[in-house]
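Dear colleague,

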Amino acid sequence: MGVVTVISAPVLILGGMGSASAEGVEGAEERAGVAADVSPGGAAPAGAGAQGDVSQEAESNVPPNSEIPVGDSRMEASADILKRGYPQRAVLSGTNVQIYDHPGRGGQLLYTFKALDHADWKRHISTPHGSEILDGGGLWSSRIAASEGAVFVTQPINKPANTAGYTHQSEIRRYKITEEKADPKSESSFSHERTNVFTHGRHHVVTAMAVGKVGGEEVLAVGLNKGGVRIHRASNLGTDLKGGTEAKYEALVGLKELHGLDPVNMVTALRFGPSHDGKPALAVGLATEEDPVIRVIDPTGGPDIRHYVWHPGAVDWRYWTYPLSFAFGKITKDGKNVLAAGMSRDDGTRLYHLESDGHYLLSSGNAGPRGLTFFTDRDGNPKLSAFIPGGGTQIYQADGSLLKPLGPGMDDGEIRDAVPGWHTVGLQAENATGREIELGMSASKESGRGCWRNGAFPSETETLEPGKAGALHGTSFLSDPGGTGCQGVATGDERSFYLTAKVGGEDWTRQIAKVTYTARGNGKPELKIEEGDSVGGNTLTAALEPVSDSKVQPGHILDYKIRITEKGDSPTATTAPTLIGHRLTAPSKTGAPIKDATDDPYYPVYRVDVKGAQWNVPGADQKLPAGERLTATSVPAMRVQGNTGDTLDDEEKWDDLGLLMPATSPTRNGNDITLGDSEFYWQNSPDGRQYTHLRVINGNEDNEKITVIDLESLTPPEIEDYPIKPSAEPINPGNSVHNTRVRANGLDQGAFRLVIAEGDKGTGNTLPPDNWRYDKIYYRDTSRGYKLLTGLIPVDGSSQHASLSSIRGAYSDDALDIMSANSEKRHYLSTGTEGISTTLQAYVSLRGISSNASGPFGVESHRTPQSVEGSGAEGLSVPGCVEGNCQLASRSPSVFRHQPKGGQPEIGLLINPRAFTSGSTVRTDGGTLPLPSDAPLASADLDFHNGRAHLSDHNSFTYKGDYLRFDTHLVTHGELLEARK
């Protein structure tokens, strides 16, 4: 809880009154309970503390005591508030205080907390002394000042007076700010504590505040609408200052009223600084009819140092000219300290010698500056910034007898860009796709690698939900061309970083874009993605959209939205597949179900051949330029549905039976891709719905074009008593002669040699492979209750499925034995179930009573991790398959199984195999990004020969004699592998 210090000692006064009124002390006591309403600590806002660790790094190009060009000095102040060894900026925004890092350290927002109960002065203070000047001079509002470890704010007191209306007074609140870090590399946490409250008595309104050092300690000077200037100890708002009594300050200003409530000697501005001899000085601005308007005093109690005479030219206070802001510094060629004063009228900013009383040296023509700051620009030249309400911030330099403005009024970003050091750009990502997006950033402070701080995102990547925007994060670039913050930086060195974006779980969609900062010239600065500075899968594109100046976050020189969109239209299903149905079993002789039969002929078994499903995939055409060719995509698996026959026109009556994914290679014609042939089997369950019609849905194709199979119209084979027996043996056995071993992805196939022999025991003659009975074979899983192998993936997307198909797919293990395959009957087994040994049997049911079944044979499945070996020059290969090096899918497009996050399996299509600059970053595996600034983003097609994949142009990935890393994707045995080489 904040502790309220009750001030009982006399208050040091510069003129006017000799001590605090009793009311002022009582007010502090009565409000002691207010501190309980303010939380003693506060968490940093979202994203606010993420930069705490990097912003404290020692950057020798940013002097620890370098001034911060502030805006409106009423609402902004700078000091080492967080005790980091350099100043930060405090901004009063409504009732909140926001603390920003030094612009040379990134300028990001570090901490926000509520400091005031209210900020509506006119509501809570009615017609105080000098209200006309307070209103017309913009002095009737809250103030902020900052010291080491604390900020000071003022607010009107919401307390009725003993008489009608409100008291005409304000209070000062002191907030202690604390920054904590668990360790040097952790993020900062911040807290605040209200430790003091002080009021100055009836009718006293604070019009100005300034913090400086007097006698080795920080003091707070407070200017009032009446009663002159009072000086407090900054650490606790006490008045027991070293080396002085209140009597030494009485001669500064007096209180005089000429026209009722008209102001005389109202303090309008205060600023501590060094005098001509380097000793402490306090500049005091007055609204007065008499000279001097500006007094530079000795805050230790000595005589006035300087007076600067200003003739208002009129008795009427409405035509007076008075200071609104001050600054001490150097700007003239003689290198001597001067005092800058921002005047309310006429010439605006004036500069005065501190060595003698006198008139101004230089002046500008813009009236009413509210904030003045001397600073040194990136080229080492002294400058003066002046914040002018309604006109932005203006930069001045000395030019003969004038203050020469540099260009038109500068906005908040431009003034910060003029200060050397690390400057903050805000980045907010927006996902304009319908899919989850992962966005990352890579940057380096090194010379030749962009001179940019990595840290826009709080972790390696930021995940964005479809249609959502992320938080606004700050990232920094080095504007100063010198210093060790970016070793050896030359003036022409590039400021840049890299963005990487991909669809979650789809590495082939990764897109890399180089973002370059264009420094200020005649126009505004900007971030750009130049043509040719983006490579990747060409699924996504990143566009930079600048935020309007009025909405740029305080402390940022620029804010941008990173809008992630899909580069082209999504794939569209254009052609429904052709279906050809076959009934495989003869009619039942009994005409009734057989109880407990493992293969009851009463329930027919069907096979449906599926051909010709087609998709239009923008970017698939090989003839497109490299930057437009799509690397890969995925489309939904085909959906098999069943209907009981009397509700074919009612879409809700079609039940999903399973998903179908062809294992054969697709073909391409321009952007049109035709899926390979496939087949599935079906048998109604005795205790399930009796489907009479089947259909296959291909993606979003129009239902009117879909073929429907009427199962009852399919001709059954004739009943025969010809005894036969099927048998099957693996071409490449796994752990036993009865097993084959495949990868558990539903596309990798183990080939079986199929034989039908005469006789119940199969001991007779072997039927030739073109005998029609081979086309009537189907399979059951004896380890799962003799369930039919349908070849369908369960609708829930689970991997519990297997298929034995007459169609040889793209990844069968008899790839090197095609000649034999053509001379014998083979079927091809695949499964999505990992780590099992399933026992299967082949069936032929042509007798109408019982089936002829083969002996058991099995399948073993696995998902042994695979890795890509080799290099771009020697070629890439995948070892560890039955055939030695795994067979790479050299035909494009090639099919693979894709499993989206939390979704059903999809048909993956590697369309245009390419390699491109690696998306690995320095924060993960010491990879490529960020590239040297002069190294281009590269890409190259893949060529396949001798069982390896080769870069068509591996020289494109060389830089100064060294090879750069690249990413590519290969398909083998139905699986997509990412290679980073």
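**Aromatic pairs**

A search of the whole structure, which is a predicted model, finds 11 aromatic pairs. One of them joins tryptophan 452 and phenylalanine 497, whose ring centres are 4.7 Å apart and whose planes meet at 55°, so the pair is classed as tilted. Tryptophan 452 sits in the loop between strand 26 (437-442) and strand 27 (461-464), while phenylalanine 497 belongs to strand 29 (residues 496-503), so this pair ties together parts of the chain that are 45 residues apart in sequence. Are these two residues buried or exposed? Tryptophan 452 has a relative accessibility of 0% and therefore counts as buried, and phenylalanine 497, also at 0%, counts as buried too.

Tryptophan 452 also forms an aromatic pair with tyrosine 517, and this one is edge-to-face, with 6.4 Å from centre to centre and 65° between the planes. Here again the pair links distant parts of the chain, since tryptophan 452 is in the loop between strand 26 and strand 27 and tyrosine 517 is in strand 30, 65 residues apart. Tyrosine 517 is buried, as is tryptophan 452. Elsewhere in your view, you can look for Tyr111, Phe113, Tyr175 and Phe190, which ring pairs link into a cluster.

**Arginine 510**

Strand 30 (residues 506-518) also holds arginine 510. With a relative accessible area of 7%, arginine 510 falls under the 20% cut-off and is therefore buried. Which side chain does the side chain of arginine 510 meet in a polar contact? The partner is the side chain of aspartate 967, at 3.2 Å. If neighbours within four places in sequence are left aside, the residues in contact with arginine 510 include Lys502, Val535, Phe916, Glu978 and Arg980, as well as Asp967.

**Cavities**

How many cavities of 30 Å³ or more does the structure hold? There are two, and the largest cavity contains about 200 Å³ of space. This largest cavity is lined by 18 residues, of which Met661, Ala663, Gly746, Ser803 and Ser830 are the closest to its centre. Strand 44 (678-682), strand 52 (802-805) and strand 53 (826-831) each contribute at least two residues to the lining of the largest cavity. Sorted by class, that lining is made up of eight nonpolar, eight polar and two charged residues.

With best wishes

Conventions. Residues numbered from 1 in each chain as written. Predicted model: local features only at pLDDT ≥ 70, side-chain atom pairs only at ≥ 80, totals over all residues. Heavy atoms only, no water. 1 Å grid on protein atoms, 1.4 Å probe; cavity = no way out; pocket = protein on both sides within 12 Å on 5 of 7 lines; lining within 4 Å. Points joined across faces, edges and corners; volume = space filled by probe spheres on them. Helix = DSSP H or I, 4+ residues; strand = E, 2+ residues; numbered from the N terminus. Nonpolar A, V, L, I, M, F, W, Y, C, P; charged D, E, K, R; others polar. Buried < 20%, exposed > 50% of the residue type's maximum accessible area, 1.4 Å probe, protein only. Polar contact = N/O pair within 3.5 Å; in protein donor to acceptor, adjacent residues only side chain to side chain. Contact = heavy atoms within 4.5 Å. Phe/Tyr/Trp six-rings, centres within 6.5 Å; stacked < 30°, edge-to-face > 60°.
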